[in-house]
Amino acid sequence: MKSIGIYIHIPFCQKKCLYCDFNSYSGKGHLITDYVEGLRREIQLHRETFEDYEAGSIYIGGGTPSILSGKELETVMTALREGIRIASDAEITMEANPGTLSRSKLSAYFNAGVNRLSMGLQACQEELLRGLGRIHSYRDFVTNLEDARSVGFRNINADLMFALPGQRLEDWQSSLMQLTALEIPHISAYSLIWEAGTAFEGLREKNLLKPIEEDIELEMFHAARGLLQKKGYSYYEISNYAKPGFECKHNIVYWKNQCYIGLGAGAHSYFNNKRYHNQETIEAYLSCINEEKSPIKNILAVSKNDEISETMFLGLRLIDGMAVEEFKNRFGVTPLDIYPAVIPKLQRDGLIIYDNKRIVLTTKGVDLANIVFQELLL
Ligand code: SF4
């Protein structure tokens with residue numbers, strides 16, 4: 001039985017955050033009931049594929065999955081259990097946003113089988129939260145966290161963002177300190193990306209918002225690494241920190257370029273050497289489901305070269321890098337056979353270490369990861 005990751009996309013949000021370019025929509029709450037039914041039917045459409053697999057991890061992401069009521073989440077989980085074998089030790093994550101949570105909802109999610117909560121906090125300062133267009137306060141987050149723990153959640157992540165307009169290094173350090181004081185076992189620390197089409201990008205074009213300087217951004221990146229490691233977190237992926245045993249299993253599926261199936265509007269899948277992409281909008285997705293058609297919009301065959309490049313740069317995001325033997329088992333050759341000029345050059349530049357056992361980014365390589373990844377494109 002092969003293991004696979006399952007991703008379920010819940011594209012609803014109460015309000016669109018100003019920096020967000022995810023496939024998420026506000027003002028469409030009236031479609032939630034139909035959407036949950038759509039997911040149930042899409043799971044059934046995959047029945048034959050699912051027969052060969054066991055779900056090692058399930059990730060319910062968004063959007064704002066915690067917009068679902070306990071009952072709606074339970075319907076999705078029941079459909080999954082009926083559709084695919086779920087490993088007894090499967091990690092089942094749900095993203096949850098403060099402002100949409102309550103103790104009773106959290107209890108229903110936990111009882112439905114969710115065993116990992118990923119909370120979208122982003123910052124601990126009210127002014128920064130308002131600037132991002134978030135719907136919650138830091139106090140809401142702390143209350144939700146207490147409630148989550150009281151109903152049984154232990155495996156909890158908090159997302160934080162740095163390089164925000166108006167954010168000072170001290171704000172960033174203080175956010176990190178507050179989360180460590182709350183003993184959150186997993187922290188994701190991402191820098192703000194100014195995406196085209198977002199409200200933030202529009203404000204930047206009009207000179208109403210200004211990105212922070214690059215050297216401060218780098219200082220913030222380094223501050224997270226120094227501070228969290230000192231507090232006992234292992235730095236296991238470019239943007240992720242965990243207390244021992246709390247690394248995210250589902251995201252490791254992506255970083256190891258392994259198979260996963262995505263369900264829901266705009267979800268991506270990767271299996272049988274193909275990438276699949278579902279209809280983006282909720283309406284287009286539901287219209288396929290209602291006509292009993294597959295919601296898959298695009299299928300892209302992944303060439304051997306693409307698979308190698310992707311395996312390399314996803315694998316190098318992990319701070320432990322990649323075992324040369326694992327690469328050889330997958331492709332029949334070593335990374336050095338594929339990159340006879342690039343690997344020695346990256347070594348000379350001090351960006352990677354390659355010792356016939358593992359290939360890993362150096363500390364300098366982590367800072368300049370995008371340059372390394374470009375070099376590895378075949
Ligand atoms: S809650 Fe998340 S998905 Fe929804 S708008 Fe904000 S950033 Fe985007």
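Predicted model: local features only at pLDDT ≥ 70, side-chain atom pairs only at ≥ 80, totals over all residues.
Residues are numbered from 1 along each chain as its sequence is written. Helices (H or I, at least four residues) and strands (E, at least two) are DSSP runs, numbered from the N terminus.

Helix 1 (residues 32-45) and helix 11 (residues 282-290) have axes that come within 10 Å and cross at roughly 50 degrees. Axes here are lines fitted to C-alpha atoms, for helices over the stretch in contact, and angles run from 0 to 180 degrees between N-to-C directions. Helix 1 is therefore oblique to helix 11; angles under 35 degrees count as roughly parallel, over 145 as roughly antiparallel, 65 to 115 as roughly perpendicular and the rest as oblique. On the helix 1 side, the contact is made by Asp34, Tyr35, Gly38, Arg41 and Glu42, and on the helix 11 side by Ile282, Tyr285, Leu286 and Ile289. Two residues are in contact if their C-beta atoms, placed from the backbone, lie within 7 Å.

Helix 1 also packs with helix 3 (residues 70-83), their axes coming within 9 Å and crossing at roughly 5 degrees. These two helices are therefore roughly parallel to each other. Ile32, Val36, Leu39, Arg40, Ile43 and Gln44 of helix 1 make this contact with Glu72, Thr75, Val76, Ala79, Leu80 and Gly83 of helix 3.

The ligand is surrounded by Cys13, Lys16, Cys17, Cys20, Phe22, Ser24, Gly62, Gly63, Thr64, Asn97 and Gly120. A residue belongs here if its C-beta atom, placed from the backbone, lies within 6 Å of the molecule.

Ile193 lies in the loop between strand 6 (186-191) and helix 8 (199-205). Ile193 counts as exposed because it has 12 C-beta neighbours inside 10 Å; a residue is exposed with 12 or fewer, buried with 20 or more, and partly exposed in between, with C-beta atoms placed from the backbone. Its C-alpha atom is separated by 36 Å from that of Ile84, 109 residues apart along the chain.
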